[in-house]
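Thank you for sending the model for comment. My notes are set out below as numbered points, to be read beside the coordinates.

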Amino acid sequence: HYEIGSTILTRPTSAVMNSPIRRAYNLYNNLELKQSWDQTAVLAAVRDPLEYWDIVNTGYFYVNESGYSEWYDSPDKDQYYLSQRVSDVELESIIEELICASPGNN
C-alpha cells in the first residue's frame, strides 16, 4: 500500500561523514528528508513485521488499466498488505538508527 512509508520521513542525520548511505542521500537529495517506502519494505523484510504492522491477509490487490490500485476484501487470493500500528515517529527513529549504523554493527 502507498501509505506505508509515505508519511515516514528519514535521512541519515547522524551517520559518519564517509558512510555510503550518507553519500547516497547527499547525492540524491542533498540530505533532505525523504519518504521511506523502500526503507519500510526493508525493515519489514529483515525484522519481524509484526513488531510494527498488522498483516492483512484476506482479499487481493488490483491495479486497473489506468494504474489506479485498490484492495478488495474478497475473493481471497493469498495476497497481503501491512497496516501500520506504531507511530511514524517511532518508525522514523528505528530506520534512522539503522541507516546511520556503521557497517558490521548489529
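1. Basis of the note. This is a predicted model, in which local features need pLDDT of at least 70 and side-chain atom pairs count only at pLDDT 80 or more, while totals for chains, interfaces and linings use all residues. Residues are numbered from 1 along each chain as its sequence is written, and side-chain values use heavy atoms, with hydrogens and water left out.

2. Overall layout. The chain holds four helices and six strands, where helices (H or I, at least four residues) and strands (E, at least two) are DSSP runs numbered from the N terminus. Read from the N terminus, the order of these elements is α-β-α-β-α-β-β-β-β-α. Along the principal axes, the C-alpha atoms fill a box of roughly 50 × 30 × 20 Å. Of the 106 residues, 30% count as buried; buried means under 20% relative accessible area, exposed means over 50%, and partly exposed lies in between, with a 1.4 Å probe and protein chains only. Among contacts with a separation of 6 or more, 56% come from residues 24 or more positions apart, a contact being heavy atoms within 4.5 Å.

3. How do the axes of H3 and H4 cross? The axes of helix H3 (residues 37-46) and helix H4 (residues 88-100) come within 11 Å and cross at roughly 85°, so that H3 is roughly perpendicular to H4. Axes here are lines fitted to C-alpha atoms, for helices over the stretch in contact, and angles run from 0 to 180 degrees between N-to-C directions; under 35 degrees counts as roughly parallel, over 145 as roughly antiparallel, 65 to 115 as roughly perpendicular and the rest as oblique. On the H3 side the contact is made by Gln-39, Thr-40 and Leu-43, which meet Leu-91, Ile-94, Ile-95 and Leu-98 of H4. The residues of this contact divide into five nonpolar, two polar and no charged, with Ala, Val, Leu, Ile, Met, Phe, Trp, Tyr, Cys and Pro counted as nonpolar, Asp, Glu, Lys and Arg as charged, and the others, Gly among them, as polar.

4. The nonpolar core. The largest nonpolar core has 15 residues, of which Leu-43, Tyr-52, Trp-53, Leu-91, Ile-95 and Ile-99 touch the most other members; such a core is a set of buried Ala, Val, Leu, Ile, Met, Phe, Trp, Tyr and Cys residues joined through side-chain atoms within 4.5 Å. H3 and H4 are the elements that give two or more residues to this core, and its largest share, five residues, comes from H4. In soluble globular proteins, nonpolar side chains tend to be buried together. Beyond four places in sequence, Tyr-52 touches Leu-43, Arg-47, Gln-84, Arg-85, Val-86, Leu-91 and Ile-94.

5. Thr-10, in strand S1 (residues 9-10), counts as buried because its relative accessibility is 0%. Its side chain makes a polar contact with the side chain of Ser-36 (2.6 Å); a polar contact is a pair of N or O atoms within 3.5 Å, where within protein one must be able to donate a hydrogen and the other to accept it, and residues adjacent in sequence count only if both atoms are side-chain atoms. Gln-39 lies in helix H3 and is buried at 15% relative accessibility; leaving aside neighbours within four places, Gln-39 is in contact with Thr-10, Tyr-25, Lys-34 and Ile-95.

6. Backbone details to inspect. Most residues other than glycine have a negative phi, and most peptide bonds are trans. A cis peptide bond, with omega about 0°, joins Ser-74 and Pro-75, and Pro-75 lies in the loop between strand S5 (69-72) and strand S6 (81-84). The loop between S5 and S6 also holds Asp-78, whose phi is positive, near 55°, and which is exposed, with a relative accessible area of 60%. Leu-31, which is not a glycine, has a positive phi of about 65° and is found in the loop between helix H2 (20-29) and strand S2 (34-35).
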